[in-house]
Amino acid sequence: MGDWMTVTDPGLSSESKYISQYTSETKMSPSSLYSQQVLCSSIPLSKNVHSFFSAFCTEENIEQSISYLDQELTTFGFPSLYEESKGKETKRELNIVAVLNCMNELLVLQRKNLLAQENVETQNLKLGSDMDHLQNCYAKLKEQLETSRREMIGLQERDRQLQCKNRNLHQLLKNEKDEVQKLQNIIASRATQYNHDMKRKEREYNKLKERLHQLVMNKKDKKIAMEVLNYVGRADGKRGSWRTGKTEARNEDEMYKILLNDYEYRQKQILMENAELKKVLQQMKKEMISLLSPQKQKPRERADDSTGTVISDIEEDAGELSRESTWDLSCETVREQLTNSIRKQWRILKSHVEKLDNQVSKVHLEGFNDEDVISRQDHEQETEKLELEIQQCKEMIKTQQQLLQQLATACDDDTTSLLRDCYLLEEKERLKEEWSLFKEQKKNFEKERRSFTEAAIRLGLERKAFEEERASWLKQQFLNMTTFDHQNSENVKLFSAFSGSSDRDNPTVHSRPRQKKPHGAPSGSPVCTSKLTKSLPASPSTSDFCQTRSCVSEYSSSISVLNTTPEESKPNQVGRECTNQKWSMASRPDSQEGCCSGCSSTHADAHIEKDDLP
Amino acid sequence: MNFSEVFKLSSLLCKFSPDGKYLASCVQYRLVVRDASTLQICQLYTCLDQIQHIEWSADSLFILCALYKRGLVQVWSLEQPEWHCKIDEGSAGLVASCWSPDGRHILNTTEFHLRITVWSLCTKSVSYIKYPKACQQGITFTRDGRYLALAERRDCKDYVSILVCSDWQLLRHFDTDTQDLAGIEWAPNGCVLAAWDSCLEYKILLYALDGRLLSAFCAYERSLGIKSVAWSPSSQFLAVGSYDGKVRILNHVTWKMITEFGHPATINNPKIVVYKEAEKSPPLVLGRLAFPPPRAAAGPLSSMESEYAEACRRQSQPQDRHRGTGLQSRQLLPGDEECVPSAVWIWDIQKLRLLAVLEQLSAVRCFQWDPRQARLAICTGGSKVYLWSPAGCVSVQVPGEGGLQVLSVCWHLSGDSLAVLSKDRFCLCFLETEQGVGTAFGQAGDHT
């Protein structure tokens, strides 16, 4: 390696230096000379022997050597050393230029060869080291192979052992399973035996008991007795009754009574629960309607077809709301209607909320509006300011109090009494005012009460008249019917009952808008109009029919009121609307509260989580 | 909280009368009746031998003293001190004695459960009930005192007899589908009877008053079963505690399980309050330490094994394990896990979740609900009484020279006072009026 390095070092230097070194080497270093000689000596032996004693060229054999050289050179493809002979006789003359050229070329060749030799040598070295390296690698790999082979053998051995073990374990498992099976069988047999034994023992025990019983009880044991000073009365004060069949029957009766009472109680409870749930549903529905109705216009403007159909439902539902009597019916149609409508509305609400959510998220994406959101710094500044203000106010109050105290101490008793009198007078006046206000209110109340009683009386009269009318009408109908033959009578009765009512109701329904207009139009309640549109359709389904009927009957009654006291219906409706509004009003704080509580709860949670941290 | 002076007592026999006016206590063979508020002695009766059991009649007019060793029952009247009654069961022996709900009959169970003798104080008549079953809870009266349900065993089969208490007539007699009936209990409304099998099998059967089988419930098979059963005061729920360390709540409509409460070793829910008793160096301070919820309950795990023996011993009185509360409004259910006998678990039935865990230093001996409000009194055999309410938890040192080793507690009807019983002494603990208590608990709660 070291040699190789020294050899490569000059190679790294510049070309000229390299060459010069070689030239100097060829000239000066004896080793190189020797090597050259050695190289030369590799040429034919005869010459070698010949040149061993004498130099190649001497004074005598210049010509020969030249010719020899020429020959040699020409055989190597160099141009001849002699000039081109123009004639055969003329002695060929040595061409010095050619000789020089040849020499130069030879030198160049020599240099090239040397270079090549160097290269080959370095390459050789390189290859040698590579070889060493590879051999090392090979040895290592061989070792590795050996170890891995050994390992493999070990693993195989282990695998075999494990398999053996596994087989053993399997065998053991099998044995255990058999054992378990056996034990289970034993347990089962033991259990049966135990049960059997138990039964036997128990029988024996019973026999013994019986025996003991006989021995102890039937011996007329004198000791078994009760000493009482005197018998006390029963707790209920009654005397004991004889045991008869009657008492047995009474006991049974009582038992069933208790059971019945229990069932009734439970039924009542369930009914109550049902009613409450219904109420909740109803409220939910109302709230939903009130929530959804303001959005009525918006979707319409957007011409959203999905909500368009729904809006009509809402209107319907709004109409249904007035018929609260239907809620008490627990028939299936009503229930279905209720659940369906609520489901529908719930879906609308859900979609709406989702829409809102989307909008909110959009807004979020757009980024916060700086106007809407107060930055925290501002908030803190504001709070600081407010706190400062509070401090100032407190100080002010304190100074005022001090001043007042000073004043009070400074003032003599007269002034204080005067002041007190002043206060008293003021209070008196205020009280008087209040008194008058109260009186007025009382008067108003009285008036209202009177009007109410009057209205009630009138209503009663009306009702009576109506009842009479109906009775007479029914009577007439009945009389009419009796004239028909027996088969048709029932159908006719039913039919007439329906037709009669519809006949009678329809005019009222039609008349209602007419009557309503002056009152309804100014109030402009959408609820009322929807009601009317709902009741108008000509072919309602059975349930609808029922509803319309109930609706109509309600109207008719209200109409009767209308006829007599047209003013009163208006406050009624207004009142209803008011309740609706109240509802919505009431619902809002609720929701806010819910929100607040939610916030607080989350806050509390956060607090708790904070506590969790060490 | 005020304590009365300490009185003598033997075999933990101290009972308030059902009307709350009197307090009866036993000292060896003497029965002392005191006024419940002033604690002045009203009556003093002397029995023939050491009293082993006392019971007030439902109308608070009579007291029954059972002397099992002699097979004797002595009855005393509060109104007429000179009136006396002695029932001798003779060679048949006596193992249990109790009043009928009307307070005019005494039911005596003879040895070997040969029969139950019904003695009347009104007439000379004596009734016998044969074949009573010797089990955990074989006799149960309805709350209104109208019916008696009795577990029977005939021909290796379990039966239940329902008798009318007014004339001891048999109303219904039916066999139960059980291997070995362990107990029966009426629902507080007196319409449903719960019957459960012995611990070898998990099985609970529900019968109507007329003997119809309403439902059967089995949570699991092939393992130790029911340990204790308790009705809620509203009869709406039935709590069933079992050997798998869980309490199952059944509802009264479908008789199916509503929920299942386990006893987790660690509690991670921050809403659950864990109270852990800790000893303070000055022991006279009203020591109470409540740790904020999480990670506090890791302790019992290590002590589990050592306490297990204790738990096994306590299985003999398993009714104390899980007991429904006496409150309609806020229904709580405490359970006492056998693996951790020093802990009391309280669940909220309204929210169906664990509410609090009380971890005491030593094993809980007895706990009882305040009959009026959500308040639980607990004793652990030490010199302190612990009171828990949703507002907080307090421990009170019971005064008395040498310290009173509190083994049992007993509430007065009104919930105003509490009898604190030790092996040989007892005293009364008067609690403040509700407002005072409220503030006291409030202050206690501030510590958390």
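Mentor: Let us begin with B:Gly225, which in this predicted model counts as buried because its relative accessible area is 0%, where the cut-off for being buried is under 20%. B:Gly225 belongs to the loop between strand E22 (213-217) and strand E23 (226-231) of chain B. Leaving aside residues up to four places away in sequence, B:Gly225 touches B:Cys199, B:Glu201, B:Tyr202, B:Tyr220, B:Ser242 and B:Tyr243. Take B:Glu201 from that list: 24 residues separate B:Glu201 from B:Gly225 in sequence, yet their C-alpha atoms are 5.0 Å apart in space.

The chain around this glycine can be described next. Chain B has two helices and 38 strands, and 58% of its 448 residues count as buried. Among the contacts in chain B that join residues at least 6 apart in sequence, 43% link residues at least 24 apart.

Two other loops of chain B deserve a look for their backbone. B:Trp255, in the loop between strand E25 (247-251) and strand E26 (257-261) of chain B, has a positive phi of about 60 degrees although it is not a glycine. With a relative accessibility of 6%, B:Trp255 counts as buried, because the cut-off is under 20%. B:Ser11, which is not a glycine either, has a positive phi of about 45 degrees, and its place is in the loop between strand E2 (7-8) and strand E3 (14-16) of chain B. B:Ser11, however, counts as partly exposed, its relative accessibility being 42%.

E36(B) runs antiparallel to strand E37 (residues 417-421) of chain B, and four bridges join the two, with B:Trp411 standing opposite B:Leu418 in E37(B). Five residues lie between the strands of this hairpin, in which B:Gly415 takes a positive phi near 75 degrees.

From there we can turn to a sheet that leads us towards chain A. In chain B, four strands form an open sheet in the order E15-E16-E17-E18, with antiparallel pairing. Strand E15 (139-141) and strand E18 (169-175) of chain B stand at its edges, and each has a single partner strand, so one side of each is left without a neighbour in the sheet. From one strand to the next, the twist averages 20 degrees. Six bridges pair strand E17 (residues 157-164) of chain B with E18(B) in the antiparallel sense, and B:Val164 stands opposite B:Gln169 in E18(B).

Across strand E16 (147-154), E17 and E18 of chain B lies helix H7 (residues 245-292) of chain A, which runs at about 60 degrees to E18(B). The 48 residues of H7(A) should span 70 Å at 1.5 Å a residue, and the 69 Å between its end C-alpha atoms agrees with this. Its buried residues include A:Thr247, A:Met255, A:Arg266 and A:Leu292.

As for the two chains together, 52 residues of chain B are in contact with 41 residues of chain A. The area buried between them is about 4,400 Å², and carbon and sulfur atoms give 54% of it. On the side of chain B, the residues that lose the most area to chain A are B:Leu114, B:Cys156 and B:Gln169, which together account for 14% of what that side buries.

Chain A itself comes to 17 helices and one strand, and 16% of its 614 residues count as buried. One of its helices is H5 (residues 62-75), where the buried residues are A:Ser65, A:Ile66, A:Asp70 and A:Leu73. These residues cover an arc of only 140 degrees around the axis, which puts them on the same side of H5(A). An α-helix has 3.6 residues a turn, so residues three or four places apart point the same way. The buried residues of H5(A) pack against helix H6 (96-217) of chain A, whereas on the other side A:Gln64, A:Gln71 and A:Thr75 are exposed. Just after H5(A), A:Gly77 takes a positive phi of about 95 degrees.

Definitions and conventions: Residues numbered from 1 in each chain as written. Chains lettered and ligands numbered in written order. Predicted model: local features only at pLDDT ≥ 70, side-chain atom pairs only at ≥ 80, totals over all residues. Heavy atoms only, no water. Buried < 20%, exposed > 50% of the residue type's maximum accessible area, 1.4 Å probe, protein only. Arc of directions from axis to C-beta. Contact = heavy atoms within 4.5 Å. Pairing = 2+ DSSP bridges. Axes fitted to C-alpha atoms, helices over the stretch in contact; angles between N-to-C directions. Buried area = accessible area lost by both parts, 1.4 Å probe. Expected span 1.5 Å × (residues − 1).
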